[in-house]
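Here is a short report for a reader meeting this structure for the first time. Keep the model in view and follow the named elements as they come up.

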Amino acid sequence: MSTTEPFRYGVAQERDWNAMSDEDFRALVRDDFDTHYPHALRFPSRRLRWHENKDWHLRMAAKGWIAPAWPVEYGGMGLSPSKLLIFMEEQERVGIARFQDHGVLMVGPVLMRYGTEEQKRKYLPGILSCEDIWCQGYSEPNSGSDLASLRTRAVRDGDDFVIDGQKIWTTLAHDANHMFALVRTDPDAKPQQGISFLLLDFASPGVRVRPIRDLSGHEEFCEVFLDGVRTHHTNLVGALNQGWTVAKSLLGFERIFLGSPKLPEYGLQVLETVARARGVFDDPVFNDRFVSLKIDVAHLGDIYGHYAAIVGRGEPLGPDVSLLKIWASETSQRIADLIIDTAGPFGGMNAAARIGETAINALAPFYKARVQTIYGGSSEIQRNILARQVLDLPG
Amino acid sequence: MTDETLTMLADAAASFAKPDTARVRAVRGSADGFDRAVWKQMADLGWYAIVVPESADGLGLGLTAGATIASKLGYAAFPEPFVSAGLMAPWCLARAGARAAPLLAAVTGGDVVAALAWQDERGGLDTDRPGAIATVSGADTVLRGACRFVVPASADAFVVAATAGDGVGLYWVTRTQAGVSVTAEPCADGTASAWLVLDDVKVAPEHCVATPADGAALLRSTVDLGTIASSAELVGGMDRALELTLDYLRTRKQFGKPIGSFQALQHRAVDLWIHRQVTRAVVDAAIRTFDSPASDARARTLAASSAKARAAQSALLLSNQTIQLHGAIGTTDEYDLGLYVNRALTLSAWMGNASEHRRRFGALSATSAKATA
């Protein structure tokens, strides 16, 4: 007989959020975010580092709000799809900056599905408390869009796997203390079949992180060198050589947030501010271009609403959802281009400059938008997938 | 209306309006520009009563149902003027009061084809100051002036919107009435619109269907309804044009391979599909806004401009690109794609094209932003 308490992963929830009406829940989170999230950190022009926004996320962790999608028994808020959508929409509306949240978004759900009891107890509490920050080791110098060609190897040696290779474009690896990585464990198998999903601790000898300075002068992405890094064999998630399947299972409905209209809506506000300050807002040529973009953003909202309704009904999203990412990212780029064009001489300054009554960095939206058509599957890869899987065109 | 009712209606419309391009070709350029027998069949299906409230003996199903049918007719490139004479005229007459009841019955029964005549000779979109002028003369009202882009040109009767003092009146005028002259102007798809000249046309009191106090609001909602429904019709046409093009890309072989295996063409096809998907979502959102009791007149007009700005732009983009993806065969009259291109050109230009609706969207959204600021 066993009447032992269930393992406690994180703080208890104050209440059953799903028992609230959608309207009440929205009002509650909106009020919390509006009241407590610092104005200075809203809609930042670049990805914030952990030391800049950790106060907010530690507050969320202490409140039990860091993992809204996780089930309550694992220490999450246990939100239904419609409540989760509201939670995320309110974060977007306030312009709350993400932290390196791959632990919450990726590692947690993967361990809940494929992890052993020991793995869950070892890693989930650190994710919920934000003591452990995870980064994603997928891309390599010669494996970007063609990810299945990755060459970082892991070889079994006694109780450990020994990892040798290099990862790149690792988001905020310099804020992380853990990595989940795809590594090749069977060099003789077909590309997608010899890959395993491994967890590793950055405190292990042989890990070196080098930030990559980007066009805007910021360091958001890193290279990670793995030189004889040992990780215990119990850090293998799922079966050996089944890493591709494990990684693919992560493509959940979070994909719709790559198409959230809030960021381009904010871009339009910046554009309008710049145009008014430079006295061209009433110019008919500017106005025609502005209204075209305004319609593109409004229509992003309509197509986003279409997919949000699918999520709200609890139905799965198909591969067609990637049109959202294409439309959102390309619209953001057009807005950024028009901001530069409208800004005149300020369009050549990568710093907050005084334009009229406000200080605006007219280039920040440009730099921010460049990478959006590349990460998470470039626009070209998205179009390949849509052509094959949705339009049924021949390979 | 339940989802089930809507699905049944969509299925019924799809099975009635199967693409029959031989028929579409046969009626092109005919005196009516469409088939009166088909028109009567659609009346017998009850479709012209869809947007008529139940209190006026209609089905009361709203634009959601009306646009569903328009979209299916668009898929088959039907030239029948369903949006104008099957949705707009009944919508308008059903809300015009008791006087219009016998006129409404004739229209929903399919016995009289009636068209709304509201645009001036330059094709402006202003519903507040129509080009025709109404003056009171004893018991009658007298109409003078011109209306243009009236669909179909062969309509038996017209609901004429005329500036009456400070307001807009709506008047029932028959084609054969004294002082009415009609010139048919051909459209790209083989249908025609009417250029209506009114030379001291006398309208009896029972044919004054909306007073100058009520006419402007009714005209505006009727035009918004028609604009959104014709956007839905354009989406249906895009569905078929894209389907034809994807079939062609899968089967046409050059250099020993289906041309749809070439990445350059795949990406262009994906872009067309994206535009169709976005357009469908935008039009669906506009339909919901129109049907929602919570929407005011400005929200409905904004929704109409949103829908038509996107639908007209996407339809012309698809027209251009589907021709190009087909190559030379896409430029011929004997290949079916051309029927969809010409229908898209006609519908895109009717009641405001993409640029006109973008301008109006910009103006309306600027004022609503100020109003809520």
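The axes of α7(B) and α8(B) come within 10 Å of each other and cross at roughly 155°. That angle is over 145 degrees, so α7(B) is roughly antiparallel to α8(B). The crossing of α7(B) past α8(B) is left-handed. This is a predicted model.

From α7(B) come, among them, B:L225, B:I228, B:V235, B:L242 and B:L249. From α8(B) come residues including B:L265, B:L272, B:W273, B:V283 and B:F290. Charged residues take part too: B:D224 and B:D239 are in the α7(B) part, and B:R276 and B:R280 are in the α8(B) part. By class, the contact of α7(B) with α8(B) divides into 16 nonpolar, three polar and four charged residues.

**Where the chains meet**

Which residues bring the two chains together? On one side are 24 residues of chain B, in contact with 21 residues of chain A. The chain B side holds 13 nonpolar, eight polar and three charged residues.

**A helix pair in chain A**

Chain A has a helix pair of its own to look at. Helix α4 (residues 102-114) and helix α5 (residues 117-129) of chain A have axes that come within 10 Å and cross at roughly 160°. That makes α4(A) roughly antiparallel to α5(A). The crossing is left-handed.

In α4(A), the contact is made by A:G103, A:V104, A:V107, A:G108, A:L111 and A:M112. In α5(A), the residues are A:Q119, A:K120, A:Y123, A:L124 and A:I127. By class there are seven nonpolar, three polar and one charged residues.

| Helix pair | Axes come within | Crossing angle |
|---|---|---|
| α7(B) and α8(B) | 10 Å | roughly 155° |
| α4(A) and α5(A) | 10 Å | roughly 160° |

**Domains of chain B**

Chain B is divided into domain 1 (3-113), domain 2 (116-212) and domain 3 (216-372). The C-alpha centres of domain 2 and domain 3 of chain B lie 29 Å apart. How many residues of domain 2 of chain B are in contact with domain 3 of chain B? There are 16, and they are in contact with 14 residues of domain 3. Strand β5 (residues 167-174) of chain B gives the most to the domain 2 side, with three residues. That side has 11 nonpolar, three polar and two charged residues.

**Backbone details in chain B**

Most residues other than glycine have a negative phi, and most peptide bonds are trans.

B:V151 and B:P152 are joined by a cis peptide bond, with omega about 0°. B:P152 sits in the loop between β3 (140-150) and β4 (157-164) of chain B.

B:D57 has a positive phi, near 65°. It lies in the loop between α3 (36-44) and α4 (62-75) of chain B. B:D57 is partly exposed, because 14 other C-beta atoms lie within 10 Å.

B:F255 also has a positive phi, about 55°, although it is not a glycine. Its place is the loop between β9 (253-254) and β10 (257-258) of chain B. Is B:F255 buried or exposed? B:F255 is exposed, because 8 other C-beta atoms lie within 10 Å.

**Two buried residues in chain A**

A:K325 belongs to helix α9 (residues 322-343) of chain A. With 21 other C-beta atoms within 10 Å, A:K325 is buried. Leaving aside neighbours within four places in sequence, A:K325 is in contact with A:L258, A:G259, A:G376 and A:Q382.

A:L85 lies in helix α3 (residues 81-94) of chain A. A:L85 counts as buried, because it has 21 C-beta neighbours inside 10 Å. Not counting residues up to four places away in sequence, A:L85 touches A:A308, A:V311 and A:G312.

Key:
Residues are numbered from 1 along each chain as its sequence is written. Chains are lettered from A and ligands numbered from 1 in the order in which they are written. This is a predicted model: local features need pLDDT of at least 70, side-chain atom pairs count only at pLDDT 80 or more; totals for chains, interfaces and linings use all residues. Domain bounds come from an automatic or database domain assignment. Two residues are in contact if their C-beta atoms, placed from the backbone, lie within 7 Å. Helices (H or I, at least four residues) and strands (E, at least two) are DSSP runs, numbered from the N terminus. A residue is buried if 20 or more other C-beta atoms lie within 10 Å of its own, exposed if 12 or fewer, and partly exposed in between; C-beta atoms are placed from the backbone. Axes are lines fitted to C-alpha atoms, for helices over the stretch in contact, and angles run from 0 to 180 degrees between N-to-C directions. Angles under 35 degrees count as roughly parallel, over 145 as roughly antiparallel, 65 to 115 as roughly perpendicular and the rest as oblique. A crossing is left-handed if the near helix is turned anticlockwise from the far one by less than a right angle, and right-handed if clockwise.
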